[in-house]
Amino acid sequence: MSGARAGAAVAALALAAFAFGTTENLPIGLLRLIAEDLDVSPSAVGLLVTGYGIVVAVVSVPLVRITVRMGRRRLLTGVMAVFVVMTFAASAAPGYGTLFGARLVTALAQAVFWPVAVVAAAGLLPPESRGRAAAYVFAGGSLAIVLGVPAGTWIGRVAGWRTSFAVLGVLCLVSFAAIAALLPGGRADGPNPVAATDPDARRFRLLVVTIMLVVGGVFTAYTYIAEFLTRVSGFPESALSPLLLANGVADIAGVVIAGIVVDRGPRALLAGSTAVLALALLGLFAFGAAAIPAVVLLVLLGIGLPGAATAMQARVLESAPGDTDIASAWTSAGFNVGIAGGALLGGALLPLTGVRGTALAGAAVAGSALAVIGLERPSRARAPTGSGGATIIRTLHSFEDDGTVRGQDH
C-alpha cells in the first residue's frame, strides 16, 4: 500500500472518529431543544449521553471478540453503515423512545469502531510510526469536541436539532465511502497483522489499571468543571464557552505534541502526561479560586489528557499479550469505566466537600496511577515481586496467568 493511500486511509478513520465523537456528545449542546420538542425533561435527554457511554463500556470487549475474525475493511464499513442508518433514524425519530433506541444502536457501533479503528490505523504505517497513527485518529475525536459539537449546536439553534443529526448523517456517509474505498481488507482468518512489539500480560494489566485511574481522576473533577469555574473561580456563565473553547484548543495542541513524541517513548509520555494531569487538578484545588491560575490549569488539563490517551494506545501496541484488537477493546472499556466512575465519585463528593473537593480527589486518583506505572518492569525475564497493586490487578480476571488473553484464538 502506497504511503499516500495509507495516509488517506488514516485520514478517513480520523474523519469517522470525528463523526462518532460529535454524535456521542451532540445531545449536550441540543439538550433544551430536544427536551422541548419531544416533551421530556432535560435529565432524560442527559440519559442519551450517559446511556451511550455505559453501552460502549460494557459491550466493547465482547463485540470485538465476536467480530475479530472479520476483515477490518468489511467490519469497519459495516460499523459505519450502521452508524449512517442510525444517525438518520435519530434525525427522524418521532419520539423519545425511538431516539433513545437509535442512540443505543449507534453506541454498539462505536464500541467496535474505536478499538478496531485505532489498531487498523497503526497497521497502515511502519512500526516506528504506530503511535503517530493512533494520535491522528484521536485528533478526530478531539476536533469533535472543539468543532463538531459547537457546529452541530449552532445548526440546531438555526434549523432545528433534527437538521443537526441529518447533517451529521451526511458526514457519516462521506466517511463510510472513504473507509470502503481506502482501507485494505486486513485480516480474515489469518494472524493478526498488527502484533504487539513486546507482549507482556502483566504490563498490559497494569496499563488497564492505569487507564481507569488516570481517566477516573480527570473526570472526577472535569465532569463538574462548569460548576467549578463559576462557583470557585468566580467566572460568569457567559465566560464558560470561551473557557471550554480554550480547553478544546489545548486538547488539539496536546494531540499534536503527543503525535510528535509518542514513538520516542510512550511510557515516558504516559508518565509525564499523568503527572501533568495530577498537578493540574491539585493546582485547581489550591489556586483555582483565582481566575488566571484557573485558566492556565484548565489549559494544562486540555494538553495532558490527549497525551495520556495517545500514550495508552501506543502501550497497547507494545504490550498486548494476545490479539491487539481485543486488547484495544479492553482499554476502550477501561477508558469509559474511568469516565463513568469519575463522574460518580465526583457526584458523591459534591454534597460532602463541595465542587472544590472534586479537584483534590481527582488529583489523588490520577496521581495514584503514577505508582502503578512505576510497578512496570522493562524486562519480561524479570519475575514480578512485591504485592503492591497485585490485588487490583488480579481483579482483571479476563486475562490468563500464562500471558494470553481469553478468546485470543478467535
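## Briefing: aromatic groups, charge pairs and surface features

F20, F83, F113 and W114 come together in one aromatic cluster. The model is predicted. Across the whole structure, a search turns up six aromatic pairs and two salt bridges.

**Aromatic rings**

- A pair of aromatic rings is described by the distance of the centres and the angle of the planes.
- The search of the whole structure gives six aromatic pairs. For W161 and F165, the ring centres are 5.9 Å apart and the planes stand at 90°, so this pair is edge-to-face. The cut-off for that label is an angle over 60 degrees.
- W161 and F165 both belong to helix 7, which covers residues 161-182. They are four residues apart, so about one helical turn separates them.
- W161 and F165 are both buried.
- The ring of F285 has a charge over it: the charged end of R356 sits 5.3 Å from the ring centre.

**Salt bridges**

- Side chains of opposite charge can pair when their charged atoms come close.
- The search of the whole structure finds two such salt bridges.
- One of them joins the side chains of D37 and R162, with an N to O distance of 3.2 Å. This pair links distant parts of the chain. D37 lies in helix 2, R162 lies in helix 7, and 125 residues separate them.
- D37 counts as partly exposed because its relative accessibility is 42%. R162 is also partly exposed, at 27% relative accessibility.
- R231 forms a salt bridge with E227. Their closest N and O atoms are 2.3 Å apart.
- R231 and E227 share helix 9, residues 225-231. They are four residues apart there, about one turn of the helix.
- R231 has a relative accessibility of 65%, so it counts as exposed. E227 has 34%, so it counts as partly exposed.

**The nonpolar surface patch**

- Helix 12, residues 291-319, gives the largest share of the patch, with three residues.
- V276 sits in helix 11, residues 266-287. Its relative accessible area is 31%, so V276 is partly exposed.

**A buried serine and an exposed aspartate**

- S60 is placed in helix 3, residues 42-67. Is S60 buried or exposed? S60 counts as buried because its relative accessibility is 0%.
- The S60 side chain reaches the backbone oxygen of V56, at a distance of 2.7 Å.
- D39 lies in the loop between helix 2 (31-38) and helix 3. D39 is not a glycine, yet it has a positive phi of about 60°.
- D39 is exposed, since its relative accessible area is 70%.

**Distances in sequence and in space**

- L297 lies in helix 12. With a relative accessible area of 11%, L297 is buried. What are the sequence and space separations of L297 and L284? They are 13 residues apart in sequence, and their C-alpha atoms are 6.5 Å apart in space.
- P266 lies in helix 11. P266 counts as buried, at 9% relative accessibility. The C-alpha atoms of P266 and A314 are 6.2 Å apart in space, while the two residues are 48 apart in sequence.
- L182 lies in helix 7. L182 counts as partly exposed, at 22% relative accessibility.
- L182 and V10 are 172 residues apart in sequence. Their C-alpha atoms are 8.9 Å apart in space.

Technical notes. Residues numbered from 1 in each chain as written. Predicted model: local features only at pLDDT ≥ 70, side-chain atom pairs only at ≥ 80, totals over all residues. Heavy atoms only, no water. Helix = DSSP H or I, 4+ residues; strand = E, 2+ residues; numbered from the N terminus. Buried < 20%, exposed > 50% of the residue type's maximum accessible area, 1.4 Å probe, protein only. Phe/Tyr/Trp six-rings, centres within 6.5 Å; stacked < 30°, edge-to-face > 60°. Lys NZ or Arg CZ within 6 Å of the ring centre and 35° of its normal. Polar contact = N/O pair within 3.5 Å; in protein donor to acceptor, adjacent residues only side chain to side chain. Salt bridge = Lys/Arg side-chain N within 4 Å of Asp/Glu carboxyl O.
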